[in-house]
Structures are given as C-alpha cells and as structure tokens.
Amino acid sequence: MEENTTSRSTLETLLDTFADLVADKLAERMKPPEPEPLPDNTNFTVKQAAKYIGVNESSIRRWGNQGQFPMIRHGNRIAIYKKDLDEWQEAGGTQR
C-alpha cells in the first residue's frame, strides 16, 4: 500500500509540475505583444506629448514656451517631435 501511495504522490507532483508549465506557456502566449517603438521623427500634439512623458498639457505648453524643447507652430496647432522630447528628458527634462 505504501508503494501505491508513493507512486500516487510522485504522479501528483509530476502533474502539478506539468500543469504549472502549461499555465506559464499559456500566459506567455496570451500576453499582448510589445508595442513597436515610435520612430524619432514622430511628432506629437501637446496632448500626445503630455501623455507620452506623463505630465499635464499645461506643463508641456509652459516648458515649450520657455524654450526647453522646440515646438513647431502651424497656425493654432503645435507639433513637438518625439526626438526632441526624448533628448530633453535625457538631459534632465522635467527635473529642471
């Protein structure tokens, strides 16, 4: 009887291990794919730039108006290049 209990315990351990491996594999496959990185020549609106770096729109306008990074004005529209925001952040960005 003891041998049967040991065999059952070993089988349960193997099944648990197998179930964990299957669960891990399924979780890996169900993960959404990583988004493609944006190209450097991507330009943002003020709203998009704020979302990209995690601040509010008024901060983007203020920093741009202060000349901390270039803002391109097209009539009443403003464009901000991703590359410029990235460089600004690498140089200290929002800590200024």
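Biologist: In which helix does valine 22 lie?
Modeller: This is a predicted model, where local features need pLDDT of at least 70, side-chain atom pairs count only at pLDDT 80 or more, and totals for chains, interfaces and linings use all residues. Residues are numbered from 1 along each chain as its sequence is written, and side-chain values use heavy atoms, without hydrogens and water. Helices (H or I, at least four residues) and strands (E, at least two) are DSSP runs numbered from the N terminus. Valine 22 belongs to the run of residues 2-30, helix H1.

Biologist: What is the relative accessible area of valine 22?
Modeller: Buried stands for under 20% relative accessible area, exposed for over 50%, and partly exposed for the range in between (1.4 Å probe, protein chains only). Valine 22 is partly exposed because its relative accessible area is 35%.

Biologist: What accessible area does the nonpolar patch that includes Val22 have?
Modeller: A patch takes residues with over 30% relative accessible area and no salt bridge, nonpolar side chains (Val, Leu, Ile, Met, Phe, Trp, Tyr) being joined within 5 Å and like charges within 9 Å. A salt bridge puts a side-chain nitrogen of Lys or Arg within 4 Å of a carboxyl oxygen of Asp or Glu. Areas follow the Shrake-Rupley method with a 1.4 Å probe, and for residues only the protein chains shown count as cover. Together, Phe18, Val22, Leu26 and Met30 have about 430 Å².

Biologist: How many aromatic pairs does the structure hold?
Modeller: Rings of Phe, Tyr and Trp (its six-membered ring) pair if their centres lie within 6.5 Å; planes under 30 degrees apart are stacked, over 60 edge-to-face, and the rest tilted. By this criterion, the number of aromatic pairs is three.

Biologist: Which class describes the ring pair of tryptophan 63 and tryptophan 88?
Modeller: Tryptophan 63 lies in helix H3 (residues 57-65) and tryptophan 88 in helix H4 (residues 82-90), 25 residues apart. Both tryptophan 63 and tryptophan 88 are buried. Their ring centres are 5.0 Å apart and their planes at 45°, so the pair is tilted.

Biologist: Which class describes the pair of phenylalanine 69 and tryptophan 88?
Modeller: Phenylalanine 69 lies in the loop between H3 and strand E2 (72-74), and tryptophan 88 in helix H4, so the pair ties together parts 19 residues apart in sequence. Phenylalanine 69 and tryptophan 88 are both buried. The ring centres are 5.0 Å apart and the planes at 70°, so the pair is edge-to-face.

Biologist: Which pattern does the chain follow along the sequence?
Modeller: The secondary structure comprises four helices and three strands. Read along the sequence, their order is α-β-α-α-β-β-α.
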